[in-house]
Amino acid sequence: MTNYDLTSHFIELNIPNKTDVLPYIDGDTSSMAPTRYARVVTTLRATTEASWQELLVGPLPISEYTTVEPLQYLLTRKTNGRVRWLDPDAHGALEEEFLYKVSASVADITLDLCGGVAIGQDNDTLDLVGLTTPYQEDTAGRIVRWDKFKRKPTDKFDAQILLPQGLFLKTDVTGRDPSKWRVLGWFYNNQFYTGTREFRTAYQSPGFQRLGLNVEGNWARTDRQGPAWQHDLLPPPTMLHPNGKARFSIDDAERYVEWMDFSFYIGFSHDTGMSLYDIRVTAQPPQYRE
């Protein structure tokens, strides 16, 4: 797959409107179950103006009556479900054709200041990691990103989040042509340098102050260190229900839960994560979702 392929990012059932659902779950015999539709998020990368687009596919299951249309009724901006994609070349041309080349141009500096290099090789000891998502800096639509240098972890504890090296790179990555991307500056030890030349000149100056290396060690690991405590190797307590009977019941197939006087259904979505539906207390009128 290339950075110019069209892909489906994810597919899930579209959450129906509350007004369509409540009459049905309240037992209104005149109400039909809401029609099922799929929500499909696609990536449109085969263009210089890459974008994401949300589509509504249905009714389900697929039949001769199924249609595909932009999903926009639940969106504030009416753009046919499309939104500009700010970094379509990430994990590809962005690193290979630009970031690693920029980092290679200062490899001697990163080796000295950070104890390693990030040039896209298997034996790199540093990573270039996005500090923020790319953002539009001005009304002209320029896309700016910040990346930070982090030491690569060396074991299963993956302590990289704790290993920033204090060196940051600011770049302009507007458009899809790597030859037009450029370095906007470097940030190190509370100083911003407008360009690689200024950064190198400062680095080579006699008064340049270096930060200490942030090196992985036992301080970043969560395994036991030193002798085991008195009860450290014993199994944890086991919860027992009185008389062997639980105060709850679960229907795995329906994702339905009853607990004491409460009952509800569990659902999941890409945007909101886990949600509870049709929440009832002693059979009182439900809340649709929380």
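Which side chain makes a polar contact with the side chain of Asp172? That one is settled in the first view below, and everything here comes from a predicted model.

**View 1. Asp172 and its polar partner.** The answer is Thr174: its side chain and that of Asp172 make a polar contact at 2.7 Å. Look for Asp172 in strand β9. Asp172 has a relative accessible area of 2%, so it counts as buried, the cut-off being under 20%.

**View 2. Who else touches Asp172.** Skip the neighbours within four places in sequence, and Asp172 is in contact with Arg142, Ile143, Trp181, Arg182 and Leu184.

**View 3. The largest nonpolar core.** This core holds 25 residues, and those touching the most other members are Leu113, Trp186, Phe199 and Phe208. At least two core residues come from each of α2 (93-105), α3 (107-113), β6 (126-130), β8 (143-151), β9 (164-172), β10 (182-188) and α4 (196-204).

**View 4. Zooming in on Trp186.** Again leaving out neighbours within four places in sequence, Trp186 has quite a list of contacts: Val102, Val106, Phe149, Leu167, Phe168, Leu169, Gln191, Phe192, Tyr193, Gly195, Thr196 and Phe199. One of these, Phe199, is also among the core residues that touch the most other members.

**View 5. The annotated stretch, residues 161-227.** UniProt (unreviewed entry) puts the feature "domain: DUF1965" here.

Key. Residues numbered from 1 in each chain as written. Predicted model: local features only at pLDDT ≥ 70, side-chain atom pairs only at ≥ 80, totals over all residues. Heavy atoms only, no water. UniProt positions renumbered as here; feature names shortened; annotations may be inferred. Core = buried A, V, L, I, M, F, W, Y, C linked by side-chain atoms within 4.5 Å. Buried < 20%, exposed > 50% of the residue type's maximum accessible area, 1.4 Å probe, protein only. Helix = DSSP H or I, 4+ residues; strand = E, 2+ residues; numbered from the N terminus. Contact = heavy atoms within 4.5 Å. Polar contact = N/O pair within 3.5 Å; in protein donor to acceptor, adjacent residues only side chain to side chain.
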